[in-house]
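Welcome! Let's take a friendly walk through this structure, one part at a time.

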Amino acid sequence: MWVENSPIVIHEALQAGLPVITADVGGMAEYVRHEENGLLFRHRDVASLSAQMQRLAADPEFAGRLGRRGYLQREDGQVPDILEHVEAIEGIYRRSIDRREALRTDAMPGPWRFTFDTNPDTCNLKCVMCEEHSPHSLLQIRRKKEKRPRREMPFELLHKVIAEAAVRGLREVIPSTMGEPLLYEHFEGIIELCRAHAVKLNLTTNGTWPRLGARAWAERIVPVTSDVKISWNGATSRTQEAIMVGADWERALADVRTFVEVRDAHAAVGGDRCRVTFQLTFLEDNVDELADIVRLAASLGVDRVKGHHLWAHFDAIRDQSMRRSPAAIARWNRAVVAARAAAETALLPNGLRVLLENIFPLDEGAVDEIAPQGRCPFLGREVWINAEGRFDPCCAPDAQRRTLGEFGNVRENSLDDLWGAPAYRHLLASWRTRSLCAGCNMRQPPEGA
């Protein structure tokens with residue numbers, strides 16, 4: 001009549017080879033499977049109970065067959081003894097503890113990398129998935145209508161944060177990932193800051209190389225840079241230009257060749273060899289070209305193809321997500337297989353394989369959580385600073401990451417104070433309980449998974 005969890009009478013009956021008739025709720029329905037080792041009736045339904053009882057009374061052979069099946073959780077049908085039961089419970093706790101430890105986030109002495117939103121409002125393309133500049137975005141329209149000033153980070157703020165962080169182990173700096181960073185008027189100053197503090201530049205650019213052109217930028221960027229991530233979203237001009245509205249396919253190809261040429265020449269005379277990456281957003285419109293993008297990268301001397309699943313900011317692009325349904329996930333998984341095969345056969349000019357990052361198969365449950373055992377790749381390691389100096393914990397779209405809390409501003413507080421503040425430490429300990437973190441597109445399965 002009520003919801004039992006694990007009735008002893010069911011275990012005793014199954015051990016004795018007797019079929020059980022029980023309600024279709026709670027632990028009762030977990031231990032008794034309908035027409036396998038017993039019968040289920042609708043909870044609190046007298047007529048349903050009567051009907052199931054009548055079935056066994058009328059068919060003793062059927063009743064005997066159900067009874068012989070016994071306990072379904074074991075092949076031999078026997079109920080576990082006390083020792084086995086205790087070991088199973090201990091195993092559940094061990095797995096839970098192991099998962100907690102695997103996902104524990106301990107902070108470094110200071111962030112190893114900063115992303116600065118230097119100029120989020122300044123861009124020369126309108127990529128359909130961009131939080132700020134997409135044709136579907138209302139943010140820019142609202143800013144223009146309300147005549148808000150263009151956001152641009154004061155160079156003095158960059159200088160302050162880099163100087164503070166450099167003595168705490170800072171290794172890389174990423175200028176704006178919203179907006180085109182090469183349009184920031186003080187970009188050359190960032191290069192000089194990196195050189196002065198022995199910090200590497202890690203650049204994400206849309207590949208248009210504004211103001212100076214690909215060769216002149218390459219000559220300035222390559223000597224101080226660890227990685228240049230070029231936004232790339234197709235293996236054909238039609239796909240690339242439809243997603244990255246305003247892009248010029250032929251010009252972009254020529255500029256990649258120029259940049260790689262300068263990079264290789266710099267390395268040939270003993271300079272550091274910065275990595276060149278194609279970075280894309282995985283979309284319904286480009287998923288079938290993923291393997292061809294890998295082959296294109298190899299032919300151009302691009303070392304890595306990296307991407308992430310779509311943050312669906314707008315209703316208009318929700319059907320572009322490869323995590324939207326099990327059918328979309330199955331399609332994504334086929335593309336992963338093809339991309340990995342392409343990486344095995346289409347080699348770079350130096351004979352190495354193109355590195356693939358974040359290109360891994362998903363299970364059907366990934367519509368909710370992409371990597372249940374995956375760590376947060378950012379907390380305790382990286383920090384985002386917005387144009388006004390706000391200290392942010394990750395790269396999630398701004399409206400969503402604001403739900404994680406307020407963590408202070410580098411204009412008013414030292415980096416040490418913010419890095420060690422109670423609000424940030426609490427997030428380090430509790431991120432696994434946040435719905436944004438569970439659904440985050442940036443998590444990856446543990447190594448070897």
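What follows is a tour of a sheet, its strands and a cavity in this predicted model.

Let's begin with the sheet. Nine strands form an open sheet with mixed pairing, and their order is β11-β10-β9-β7-β6-β5-β3-β12-β13. At the edges stand β11 (355–357) and β13 (391–392), and each has a single partner strand, so one side of each lacks a neighbour in the sheet.

Now look at β6, which covers residues 200–205 and pairs with β5, residues 172–174, in the parallel sense over two bridges. Across this pairing, Val173 stands opposite Leu201 in β6.

On to the next partner of β6. Strand β7 (residues 225–231) runs parallel to β6, and five bridges join the two. Here Leu203 stands opposite Val228 in β7. How enclosed is β6 by the rest of the structure? Five of its six residues are buried, so β6 is largely enclosed.

Finally, let's turn to the cavity. The count comes to one cavity of 30 Å³ or more, and the largest cavity has a volume of about 120 Å³. Its lining is made of 16 residues, and those nearest the centre are Cys376, Phe378, Cys394, Cys437 and Cys440. By class, the lining has 15 nonpolar residues and one charged residue, with no polar ones.

Terms used:
Residues are numbered from 1 along each chain as its sequence is written. This is a predicted model: local features need pLDDT of at least 70, side-chain atom pairs count only at pLDDT 80 or more; totals for chains, interfaces and linings use all residues. Side-chain values use heavy atoms; hydrogens and water are left out. On a 1 Å grid over the protein atoms alone, a cavity is a set of points where a 1.4 Å probe fits but cannot get out, and a pocket is an open set with protein on both sides within 12 Å along at least five of seven lines; lining residues have an atom within 4 Å of a point. Grid points are joined across faces, edges and corners, and a volume is the space filled by probe spheres set on the points. Ala, Val, Leu, Ile, Met, Phe, Trp, Tyr, Cys and Pro count as nonpolar, Asp, Glu, Lys and Arg as charged, and the others, Gly among them, as polar. Two strands pair if DSSP finds at least two bridges between them. Helices (H or I, at least four residues) and strands (E, at least two) are DSSP runs, numbered from the N terminus. Buried means under 20% relative accessible area, exposed over 50%, partly exposed in between (1.4 Å probe, protein chains only).
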